[in-house]
Amino acid sequence: LAAFAMLIIIGWQSVETRRAAKGAQKAAEFALLQAKHMAASERAWLIINYVSREGDVVDEDGVIELHWTIKNVGNTPAKLLETKARFEVFWDEDLDSADTLPEVPDYGTPIKCNDRILAPQDSIGYFAKWEVRKNGVYSPFVLPADSNQILVICGFGNVKYLDAFDQICESRACDVSFINGHQIADGYHPSPLASAAYNKCT
């Protein structure tokens, strides 16, 4: 009888041990979910915007500076690592081409940001000159003095940064604007030319 009672006690202890282990595992899983949720809701989120120059006229030398801004729309500071944007010019008739933009963006040599801190709701700006691409190689674009064509300016860029949880993150964006002759005719709008790789955010 004593041996039978001991077996019952051992069995009960085994069941309780398994139950306690499962409870601890569930508590750990819940804590991990909470930590992930907090990181996602409290981390820095950076977005890229291209600055509209609608109504501006291109200088006589046919070259123009085009600007992009990086804004922290998250809840904690970000440490900027690097950024780069390109402003590629297309002729209007090129928009129907399936290979207008490569599948993977080529940003060129990045601008080092030297661990610049970007506080929540703060912004910082950069600029680049417009370019054209031929056989995969980018070169400066000069607008002809007698141009009367409609051209497309495709801005695509990225920023890499470190968030408050020591995670390396990246934001990308791709928008387009239009130029008619020597006058920029529109602000920037989401680009129909780009694959998902041009708008990926992590």
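## Overall architecture

Of the 202 residues in the protein, 35% are buried, a class that means under 20% relative accessible area, with exposed meaning over 50% and partly exposed lying in between (1.4 Å probe, protein chains only). The structure is a predicted model, in which local features need pLDDT of at least 70 and side-chain atom pairs count only at pLDDT 80 or more, whereas totals for chains, interfaces and linings use all residues. Residues are numbered from 1 along each chain as its sequence is written, and side-chain values use heavy atoms, with hydrogens and water left out.

The secondary structure consists of 1 helix and 11 strands, where helices (H or I, at least four residues) and strands (E, at least two) are DSSP runs numbered from the N terminus. Along the sequence the elements follow the order α-β-β-β-β-β-β-β-β-β-β-β. Among the contacts (heavy atoms within 4.5 Å) with a separation of 6 or more, 74% are between residues 24 or more positions apart. The accessible surface, computed by the Shrake-Rupley method with a 1.4 Å probe and, for residues, with only the protein chains shown counting as cover, amounts to about 11,900 Å², and carbon and sulfur atoms account for 57% of that area.

## Nonpolar cores

A nonpolar core is taken here as a set of buried Ala, Val, Leu, Ile, Met, Phe, Trp, Tyr and Cys residues joined through side-chain atoms within 4.5 Å. The largest such core holds 32 residues, and those touching the most other members are Leu46, Trp68, Ile70, Leu80, Phe87 and Trp130. Two or more residues of this core come from each of strand S1 (46-50), strand S2 (65-72), strand S3 (78-91), strand S6 (123-134), strand S8 (150-162) and strand S9 (168-180). Another core lies apart from it and has 11 residues, including Val152, Phe156, Cys174 and Val176.

When neighbours within four places in sequence are set aside, the contacts of Phe87 include Tyr50, Leu66 and Trp68, as well as Ala128, Trp130, Ile153 and Tyr188. Lys129 is also in contact with Phe87, and, with the same exclusion of sequence neighbours, it touches Val63, Ile64 and Glu65. Lys129 has its place in strand S6 and is partly exposed, with a relative accessible area of 41%. From Lys129 to Val142 the C-alpha to C-alpha distance is 9.8 Å, at a separation of 13 residues in sequence.

Glu88 lies in strand S3 and is buried, with a relative accessible area of 2%. Its side chain makes a polar contact with the side chain of Arg133 at 3.0 Å; such a contact is a pair of N or O atoms within 3.5 Å, of which, within protein, one must be able to donate a hydrogen and the other to accept it, and residues adjacent in sequence count only if both atoms are side-chain atoms. Residues up to four places away in sequence not being counted, Glu88 touches Leu101, Glu131, Arg133, Tyr138, Val152, Ile153, Cys154 and Phe156.

## Salt bridges

Side chains of opposite charge can pair when their charged atoms come close. The whole structure contains 7 salt bridges, each defined as a side-chain nitrogen of Lys or Arg within 4 Å of a carboxyl oxygen of Asp or Glu. In one of them, Glu82 pairs with Lys160, with the closest N and O atoms 3.9 Å apart, and this pair links Glu82 in strand S3 to Lys160 in strand S8, 78 residues apart. Glu82 is buried at 16% relative accessible area, whereas Lys160 is partly exposed at 30%.

Arg86 forms a salt bridge with Asp106, whose closest N and O atoms are 3.4 Å apart. Asp106 lies in the loop between S3 and strand S4 (111-112) and Arg86 in strand S3, so the bridge ties together parts 20 residues apart in sequence. Asp106 is partly exposed, with a relative accessible area of 33%, while Arg86 is buried at 10%. Arg86 also forms a salt bridge with Glu131, at 2.8 Å between the closest N and O atoms, linking strand S3 with strand S6 across 45 residues. Both Glu131 and Arg86 are buried. Separately, salt bridges with shared partners join Glu82, Lys112 and Lys160 into one network.

## A nonpolar surface patch

Met6, Ile9 and Ile10 form a nonpolar patch on the surface, together having about 280 Å² of accessible area. Patches are made of residues with over 30% relative accessible area and no salt bridge, like charges being joined within 9 Å and nonpolar side chains (Val, Leu, Ile, Met, Phe, Trp, Tyr) within 5 Å. Ile9 belongs to helix H1 (residues 2-42) and is partly exposed, at 41% relative accessibility.
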